[in-house]
Each structure stands twice: as structure tokens, then as C-alpha cells.
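Welcome, and grab a pencil.

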Amino acid sequence: MLSQNHLHVSLLYIVLLTGTKYGCGGGGCGACTVMVSKYDQLNNRVLHYTVNACLQPICTLHGAAVVTVEGIGSTKTKLHPVQERIAKAHGSQCGFCTPGMVMSMYTLLRNKPHPTMEDIREALGGNLCRCTGYRPIIDGFKTFCDVSNAFNLFPQISEELFHMDNVLPLDPSQDLIFPPELMIMGKKRACGSLCFQGDRLKLISPVDLTNLLELKTEYPEAPVVVGNTTIGPNMQVKGVHHPLTIYAGRLFVIYLLCVYVHAGVSMGAVCTLSSLKDEMERAVREMEAERTRGYQALLQTLRCLAGKQIRNMATIGGNILSANPKYDLNSVLAALDCTLQVMSKENGTRAITLNEELFTGFGKTALRPDEVLLSIDIPYSKPWEFVSAFRQAQRREFAFSIVNAGMKVLFREGTNIVESLNIYYGGVGPTLVKVGRTCQKLVGRSWGEELLADACRLLEEEVELSDSAHGGKVEYRKTLTTSFFFKFYMQVLQDETSNLTLVFVCLFLLQLVSNAQSSQDPVGHPMMHQAAFHQATGEAQYYDDIPAVQGELFVYMVTSTRAHAKIINIDPSEALGMTGVVTFLSAGDVPGQNRRMLFNNPEELFAEEEVSCVGQIIGAVVAESREQARRAAQMVKVTYQDLLPVFFTIEEAIQHQSFFDPKRKLERGDVGKAFETVDQILEDEIYLGGQEHFYMETQGLIAVPKGENGELELFVASQHSAYTQEVVGITLGIDSNKITCHVRRLGGAFGGKVMKIASLSAITATAAVKTGRPVRCVLERGDDMLITSGRHPFLGKYKVGYNNDGTIMAADITYYSNGGCTLNESLIMEKALLHMDNGYKIPNLRGRGLVCKTYLPSYTAFRGFGGPQGLMVMESVLHEVAVKCGLPPQKVREINMYREEECYTHHKQLFSPRDMLRCWDECLDKAGYHDRLQAIQQFNTSNRWKKRGISAVPMKFGVGFSKGFFNQGAALVNIYKDGSVLVAHGGTEMGQGINTKALQIASRILKVPMSSIHIKETCTGNVPNAAPSAASFGTDAVGMAVKDACEKLMRRLKPFMENHPKYTWQQWVINKHPPGYKKVNIMMGPHTDMDWENSEGPAYYYFTFGACCSEVEIDCLTGDHKNLRTDIVMDVGRSLNPALDIGQIEGGFVQGIGLYTIEELQFSLEGVLMTRGPSQYKIPALCDVPPQFLRIHFLSGEPPVFLASTIFFAIKEAVAAARRERGLGDSFPLSSPATAERIRMACEDQFTEMAPSPKKGTFKPWSINI
């Protein structure tokens, strides 16, 4: 058991409580959140707090009660109000993150039945959601706030999207009690150590300090853990092995003391960060401000540090002794001159000053191996002492800092003469850095501009950071050191700091349902997701929630560690000799075809002779358990011979002329001739980085051989079950009719579970056939990110001819995408080209699309399918032309828009831009664009180091597939003798609500309540040959198929219904039997086609139109930005379900925020993906959502991703304002995503000049830009 001793393993696979989800294994997503309750003997109370079950060793829960989502409510008994309200507020889409959200909120209410909005924001800070955009989750939970605190923040949502009528009241008296036997145990003084022994691990839990010191003397190398938030991820994710661990969490009588003494506060080393935050807040609240300046700085850091669950687990002592410079506390505590009290059995107690000398290397301290940390003394601030803390991270909260700093200055009383100065930095070296020489030379100086200038010069000299330093971003990190000091200098002068308070203001103008529509007709109403209650209670079943089948095995992939090499030998002998290992699979074990053709390009299941990327699957280990399979996979020895060339970037592929076929081209007009007549020509380029899907549920499946006629069942997480079925059949060499794929639901997908899951399914199916036993495959988060890849990086190079009034007459654009090592779904290039005109009539337009073949894992489909990249390049063209003409970008966009009633796209598809123009005008009007533009100009004039920008863009987005055979829906509708209706269709439910909408449609046509209709799982045995659920076309196709099938059934029933109008539905059905029950399977779809030779064709069934306006504020000194407000206007007809469609808008837009501003993939020079998990890769969190939204009308889920480009262009406007103030040009390069680093370095000033970029080729960079 100790080989997998974490709580989530026990809950999921032993206790079979599947509501607690596995999302990352490192405490970075919150999907596994549970509530732990313990008796606090010191204060005679029960503590309730959230933890990440994936990090919580089950052996450390002795005496504690654990409450999971199943324990607080159920659809079978009674829902808890938290579960009901998140469901009714439409806060659950795919549902995979929902149990974690529920438990975070439930725990908050256990501690504070009437929370504030800030309490809710803090409680959910450690929970990520990739679907909703967070607003509906907050919308449901804010109903627990006092009316004065909540409803004024959300003036109209609750009334329009969900009602508070008849919701369950919160009644704390009905909550679970703390088990009396644990209360009795807790009140008794613990006696005797506990020891837990596994096959590879041993954990000892001492009960008193003497015992702990004896253990550290006997086992000096054994780590001491309490929260397990550093050791845990190292063991879970990085594979670090500690045979013996000492758990010190039971020594609370000594350790949990917080003592206020004359000089300050003494905190026990195992006080959690949450406890530290509470004590600092209490001190700030109760004491005079002058004495708590240091505590205020500490609080500023603690509010951004990790998520609530981690703060509840992590301890102040563990944070310090982890000796990680990215951990923010050490720089602040060192600046405050804190003291550590340490103790050993041999030498007793001693005091150590917390400074740079404490840290001897990364992860190493000056403590002796047998010493333990007892407490930390945090002094009060003195009169005339000023303290500040700074941090800059990829994301404002719940992210490791890139650079952090703690600074303290003490002035001689009544003067501005520096008496002492402390400046500490984390993130500019392997350990904490004190700039001692700088501090020494500034002592005795007046706090003025001369000191500032000298300080910056001294910092530049003293902070040494190699150009090849670990973590990269060298120029940015150097710049932050001086920028932080400048901010400190200004704060001391002003003696003030500002904190951002998030106030979410959302307004939706919803379509009205006609009064003539029957009250029984659900179409057009904001109906709750049909599985929302089950998702909120943890009852909704995902593939890995299915209980283990008897004899089930586990498969783990063996992947390449080289980017381009010949496979000399594969030796699995050591792995096969390990306990529990059953077999090893490679290319020779495939009974059918190991190689298949995909769009005339070969794809290998297992690499046979060569590997062409790091992460390519070479083999697979099959074992009795996942842990045994994981460990054995690491023991498979692969011998390589490196091959050349090896390259990873688009630029390198262009140099090697390495491209996939087909190469696409579209053209209208005479581009060359037009260039001869224009006033100006501009040549430029824009780069767009890739994006990881980061669906909350990782990829996987269960393959179950049936033992008769070679039949096989797959329970698989796939958006395209028919393709999975096909690939498995080819691999096994059997007919598709013997393979049945079942898909109940997906925990998010976004295009990432279309193609690559088919290969994983084929490997798992091969293992099942070879062993004759069921086999389960569940990718760990890091492997999922490594193997499956994500959105294609793009480079758009353009030459534009325009007139001085901003009219663009000609554009020649070449799109390059990084396709990786195989073609896979790189035909997204076609969609990029088809969207290159966006809403603009450029009479002479040429686009070329080249997919670069590199030695990276092949990129695949992602929400928007190339559209966001293609549209982004065109918007960059418009923006840069506006800059060159000295015109507002909004005016240049308007000048170039399609205007005629009947227009043709550049691929000669007829459409009307009327709705697009209406959306544009209404968006600018509702956003108050022109008034806000003036206000922004005034703000920028008044603020030197903060700038704002605003941007608006229109959108024309094609819906459906350009290949007509994909635009088909399939449905099977059965009516049973009791009147109940069963609907099966070929779509996949992955949070978009396709099942709910199908129910609404069937209910309308059949005129029966939704409660009488049931949606069956997606199954290739019921609905064959279905198209993928993608391209925002699933509901269009499936919905029409359901409608058509129901209408056929109603036509058969109609004569009987007319003859017996007073009969009920059940009477009509039972008397019409059997013809009325005849199954109907109908497939229908629009015709689309594209003639690439002649650059023409109806590529899409229809276009959606919209416009978006966003405002941002940037910090010119750090590059941090705030998304202040976003207005979206969409018009795509009438919504089947406004609540679900709004959720898709918001989710897509927030995912776009990640694409264009936050999410950054980093690769090593050897082509290894380094951002493999939530610790390194940051998706938008609650703190990234614009505080103000105004959204009107509806659309499907893919187009809004692009609308987030308004954030990017607003940032660019803000940066341009900063540059203009410094006499720099408005035209400057800015690649996407516009990260804090890129924003800061684009705001060139005296601080960036101190960190010049080294010449290319003079150093070895830490990572490469893909």
C-alpha cells in the first residue's frame, strides 16, 4: 500500500469513491480536493480544511476524518446546497473539476457560513477549470454571501440564467459531525510512534520531540515532512525515491504554537502557511500599522502563494528548508531579519539568522543532517522602517515566481538618511541572493534620485546571472531586479501600496422566448446541463472511474528520449524480471498493421527503426498495477544511434526546406500588379506560440477482450469513437464490427482527444489481445503533455500594400506552422488559410500555407482548428497598417470591412456581412469605446509606469468542416411501450451540453417532457461511422439528426393522434405499437467542398459573426497586466440553450486569454518538453478573468478563442503608449503569447538597457522558442 500511499489512490482504487479526481498528481489543479477534519487539542475545537488528495499521504491521516464529495450529498438521497447551486448556475460543463470546486466551497462554508466574495475567491484560488471561464461557478457560490455583499456584484445573471426559487437553504446543523471516536482519540495525549512499512517505503510518525531528534540522529538523510507539498511532487512527478520518511505532523503540542513576544511573533515550524496568514492578518488588524509593516509585506506574498489547499498543507518550516529560490517567503523573511531556532539531540538548541548564508545550494541548507527546525521568530517593524515584497510570475496567483524580492530600509529617526538596508532576491540564482555590496554602499545616503541611480548601477553589477542560466528569461530577470528596487523606492516615498480587488460585473442581454411558444417546449430556455447534478455529486462516471474488471492489467508507455535517432536495440529484460510485470509490447507484437497511412503520410504505432521526436512511443510495459508498470517502464533499456539533422523550430525547418505535403494556396485578384499601384508597402511577421489542451481528465481507456469471436470492448475517452474503432481494427487485423467503443463523457477535450487517443487505444487493445485480459491505460499528466502535444505554433510573414488613408489593396501572406514529426492533424492549415480574410475585403489577397516537418511530437487539433492563428495574422496586418498610417486601428478596420449586401470571400463563397457590421457597431456602442478611449488617454498621461490600452476586432468564423463528409450527424431514437424515449447519437458529450440540447430538441418534436427522454452513451454499436464531435458543429449535425428522426416518428403517429386527440402520449404509443416504435437512424449534413487548385468552394455551411472589445492595464516595470473589461457581441441565430452557450463563449474566451497572454511551452535544446504539468505550465485561473463582462447573443464554443486576441492588441496599445512617452516608435515586435516577460521588455527604458540581450551564438540558451 505504501508504494502508492496517497489519499487519492486509496479513494479511487480501493474505497472506490471516484468523485475525487486525478488531474495532475502534483497539487496544481484542485481536481482531487477533499476536506480533512482534525481535533485541535490546543484550542479545543475541530479544524476543517481542504487538501489535495494527490499529495496527502494516507498514513499521515491517523486521527483525522476525510470528507469527499460523495459524503456531503447525493442524487439518491439529498443534494447539499453547494452541489445544487453550482449545477443550477451552470457552473459544471465537462464536470471533471466540479467535485473539487464543490469541496473547496463546502469547506469554506463549514468554517464560515456567511462568506464574503473575497473568501470565495481565496477558497477557489487553488482550483482550475478549463471549460467554464469561472464566472458561472462564482455565480452559483456567491448566493451564499450576504445579499449586500453578493447580488449587487452580479446584477442580472441570477434572474436571467437561473433562479433561486426553491433552492435548498444552507443549514449548518445538517452537516456531518466529527466522528465521536476521533474526538475521544484527539482529546487523549498521543502515546507512541507510528510506523508504516511498505515494500519500498517506510514512514515513521513520532509523537514527541525527543523521539523525532532520535530518529534524525539515526536517519540523518531521511526527509522530515508535514505537508508533503515539496517532497510529494518530487516523488509523484519526478520519481525521487525516499526509502524512509519521518512525519512530524503529530508533534502539534510543541510545533503549532504562535507566541507573541516583545520583539515579534514566534511561529512553530509546522504552522501551515494558512495559519501564518491568519496570524499575520490578526496582528495587522489588532496592532498599530507602524509595527506591522513587515507583516503586511508578508501578507502580500502569502495571498498570492500557491492555492488554498497547498497553504493548508505546506508549513512555514518546510517552505524555508526546501531552499527553493522560487518559493517567495524566504526573500521576505530574510529581509525582516528573522531567526530560526533549530535543535539536535547531540548539540541542543541554537539560533540561526535567516539570510543568504543559510542556503548552501539549491535545495540545501546549512542545518546539520541531525538538526530539526523548531520555530521562526518574525520581528515587529521599527519606527522609520519600511518593508515591501515583490514577485512576478507567469500568473498573478497560484504560480511559482520568476523573480521575488524582499526589501527593508530603516531611516535615521526624522530623516531620509538610510541607516540600514536589506535587499534579497529569489530567482536570480540557485539560492537566495543578498546584494550585500549594494546595501552597504547605500547606507548613510539620502533617499533620493542620486541614491536611486547608484542603486540601479550597483544592482546591475552585483546581480550576476549567466546568459545560459537555468530557467532562461535572463534579460527579463535582470530587469526585474532593478525594476523591483525602483518600485520599492517609489513606495517608500509614497508610503503606499495598491491591492487589486476583483469585482466581477457581468451583464447578459438574452434572447427572448416568444410568448407563442408552449410553456412545455424547452428549446431556447436556459436549461441545466442534464448531468450537472451527477457531476456535482461525483456520481458522473468517467472512463477511469469504471471499477477494475477481474484480472485487469495496466499498460504504461515507453517513450523515446532522443529527438532523431536510429533504434539499435530494445532490452526489456530488467523490466520483465520485476514483480508484477506481465509482458512488454513493441512493433513486433502488433498482430495487424503497425504502420498506417494518414492523408498519404505514414504513422507508426510503435517506432520500429527510427525515432523522430522525444516522447515517441517505442514500446509498452504491461503489469498488474499502474505503479509496477510505471517503474518497469523506466527500466526498459533502449540503445540509440543519433542521426542528423535535428531541428525543432519553424525557422530551422524553413532553412532545411522541410515541409509536409500538401502545400496549400489561395488567391484572388492580381497581387503582384496591385503592389505596383499602392502608396506604401509593409513587410513584417508575427509569431504565435503553441498551446497545451490541459483538459482536466488525461487521456486513456479500458480495453476488455470478450473471448468470443475476437470481440473487444473499449471504454475510451475519445471525441471520434468511429476513428478509434477503425485504427484498433487495422492494428489488430480484425473487422470493425467486432470492436465496440463506449464513450459516456469526457473530462474536457478541446480537439485533443480526436486522433492520438486512437493510437493509445490500439496499443492498449494489443496488450489486451496478447494477454487475454482487460487492460487499462491512464496517462499521467506529464506523459499526456509529452506524447499528445497541442496547438500548432505559427509564423505569419506578410507583405502588404496600402494607401495612406489605411485602405489595404494587396496582401501576400505566408503561413508556416510547426507540424512536428508527422502530419497528424496539421491540415488545420487549411482552416487558417480559409479564415485569413476575417471580415476584410482585400481585393488582391494571396495566402500560402506550409506545414513544417520538425523533430517534435506531432501537433494536433485544438479549439478553433487553425482559425485563431489565421485570423490573428490578419489582425496583426490591420494593426500595423494603422500604426504606419498614424490612424486608430479601429478606423482602419472599419475602412477595410466587407460592406456590400452580397460579398464573396477570398475562396469565392457567398455571404452577407450585414450581421457582422451590426455586431461591430453594437459592440463599440455597448462598450462605450470612444469615451473609454479618451479616458484611457487621460489615464496614460497621468501615469508613467502604468498604461492602459483598448482594442476591438470583428470576426467572421466558418462553422463546420470544409470536407463535407465530416458534416454529418447520426441519431437513433427508440420509443418504448411505456412511452419513454431513448436517444442515441454519434456526438460526444465533453461539457458542451450536446446531450442536453438533444433532449431539448427531442422534447420539442415529440411533445413529451425531458424527464421522459434518456440519452444513452455514445457507442459505435448503436450509431456507426459517426463524425468527430469538433469544429463547433456537433450540435448542428446531431441536433438535426435527432430532429429528423423524431419528426419521422411523429409522422407515423400523427394519423392515430388526430383520430384520438384526447389520448395521452402513453396511450398513443401503446395503441400504435409496433410501427410507432420502429428505430430510426438518420444521417444528414450540409454539402461543403473546397477546390484548392482553383481557390474556390463553399468551405463552410455558414459563418458566425461577432465583435469584441477589451481593455487592459499593464505594469510597465514588471510586465504584469490586468484584464479590466471585455465586451462581446455575437449573432448566430437563436440559441437552443442560452445558459450552455454563454458557458461556451466564456470558456472559449478565457482559453483564448491563455493562448494569447499566459500559456507558454518551453523545450530544451534537445527537444524535450519542459513544461509538463501545472507547476510549469499555467492556464488561466480565477484571477485572470476580466472583472467586467458584457455579452450579448450567442455562438458555439470555438470562435470566442480568437476574440481573446483583443487582450493581446490592447496590451500592444498600452505598450505603445509607454514607448511613445519615452520617444520610441509605435511599431515594435511582440510575439504571442504576450507574457509578462515580453510586455516588460517591449516597454524599453533605462532598466531594460541595463540588461542587454547577448549576441546570438555567444551563449547556450536554456530553452528554445518553438
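**Exercise 1.** Are Phe-911 and Phe-1105 buried or exposed?

A word on the ground rules: this is a predicted model, where local features need pLDDT of at least 70, side-chain atom pairs count only at pLDDT 80 or more, and totals for chains, interfaces and linings use all residues. Residues are numbered from 1 along each chain as its sequence is written, and side-chain values use heavy atoms, leaving out hydrogens and water.

*Solution.* Buried means under 20% relative accessible area, exposed over 50%, and partly exposed in between (1.4 Å probe, protein chains only). Phe-911 and Phe-1105 are both buried.

**Exercise 2.** Count the aromatic pairs, then classify two of them.

*Solution.* Step one: rings of Phe, Tyr and Trp (its six-membered ring) pair if their centres lie within 6.5 Å; planes under 30 degrees apart count as stacked, over 60 as edge-to-face and the rest as tilted. The count comes to 24 aromatic pairs.

Step two: Phe-911 and Phe-1105 are stacked, with 6.2 Å centre to centre and 25° between the planes.

Step three: the ring centres of Phe-1056 and Tyr-1063 are 6.1 Å apart and the planes stand at 65°, so this pair is edge-to-face. Phe-1056 counts as buried because its relative accessibility is 17%, while Tyr-1063, at 30%, counts as partly exposed.

**Exercise 3.** Which lysine lies over the face of Phe-398?

*Solution.* A charge sits over a ring if NZ of Lys or CZ of Arg is within 6 Å of the ring centre and within 35 degrees of the ring normal. Over Phe-398 lies Lys-1178, at 5.9 Å from the ring centre.
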